[in-house]
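Here are a few notes from my pass through this one. Have a look with the viewer open and tell me if you read it the same way.

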Amino acid sequence: MITVFGEGRGFRVVWLLEEMGLAYRLRPVDLLAGVENDPEYLAINPAGFIPAIRDGEVTMVESIAIMEYLIARYGPTPLAPDPHDPAFAAYQQFLHLGEAGLAGSMYFVVVSRNLAPEAERRNWGARKALEVFESRLGLVTRQLARSPYLAGDSFTAADISVTYALEFAQRSGCFALGEAEQAYVARTSGRDAYRRAMETCHATRAWAAEAARR
């Protein structure tokens, strides 16, 4: 049984597991309560961030690395094109762009605007991070003008990666998606596996509902 620790970016992992039909359990990690109060989790990931997984003797952190591990360990799956497939290059690019270019940079915007002292909420670093997010989003927008999904005509794990980042930006109230991105998120989030992941991830579902009311 695969154990997923924590939601947040762990939603990517849960969604992937649902798409692949793999058995798992979700073990909540409450960062707001203070991860220092969760010694069991700190034994899994001493750095204290989420998500992490335990799969038998394997322990891993970093959502994209976890996704690649699960695909390699339990594939093949149509969620990852074969390296000889023409779609493979775009798949790899957007799988990693979803974190390195989008969610990673948006994180600094979100924490600055929500956690920093009032006078520091629009600091230089946060503004630069938003510029990075917007520039990388341009690559997504350009790709969506060519195809319905980021690796072409078929849904892949790259779409899980990027959809999480776009929903993170939108739900946090730090960025408004354009029409093309909204239509794309509607396509990807309409999948049965996404809905099952949302049913499992109670904190993510509550966050989405709260954001929809704003």
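Predicted model: local features only at pLDDT ≥ 70, side-chain atom pairs only at ≥ 80, totals over all residues.

1. What about a salt bridge for D55? There is none, even though D55 is buried. R73 has the nearest side chain of opposite charge, and that is 4.7 Å away.

2. Which side chain does D55 have a polar contact with? That would be Y69, at 2.7 Å, side chain to side chain. Setting aside neighbours within four places in sequence, the residues in contact with D55 are I2, Y69, R73 and Y74.

3. Now the strand itself. β3 covers residues 52-55 and runs antiparallel to β4, residues 58-61, with four bridges joining the two. Across the pair, R54 faces T59 of β4.

4. The two strands make a hairpin, with two residues between β3 and β4. Check G56 in that turn: its phi is positive, at about 65 degrees.

5. Elsewhere, take a look at helix α7, residues 179-189. The buried residues here are E181, Y184, V185, T188 and S189. Looking down the axis of α7, they fall within an arc of 120 degrees, so they line one face of the helix.

6. And what do the buried residues of α7 pack against? Four helices come up: α1 (10-20), α5 (124-144), α6 (157-171) and α8 (192-200).

Methods
Residues numbered from 1 in each chain as written. Heavy atoms only, no water. Pairing = 2+ DSSP bridges. Buried < 20%, exposed > 50% of the residue type's maximum accessible area, 1.4 Å probe, protein only. Lys, Arg positive; Asp, Glu negative; His and termini not counted. Salt bridge = Lys/Arg side-chain N within 4 Å of Asp/Glu carboxyl O. Polar contact = N/O pair within 3.5 Å; in protein donor to acceptor, adjacent residues only side chain to side chain. Contact = heavy atoms within 4.5 Å. Arc of directions from axis to C-beta.
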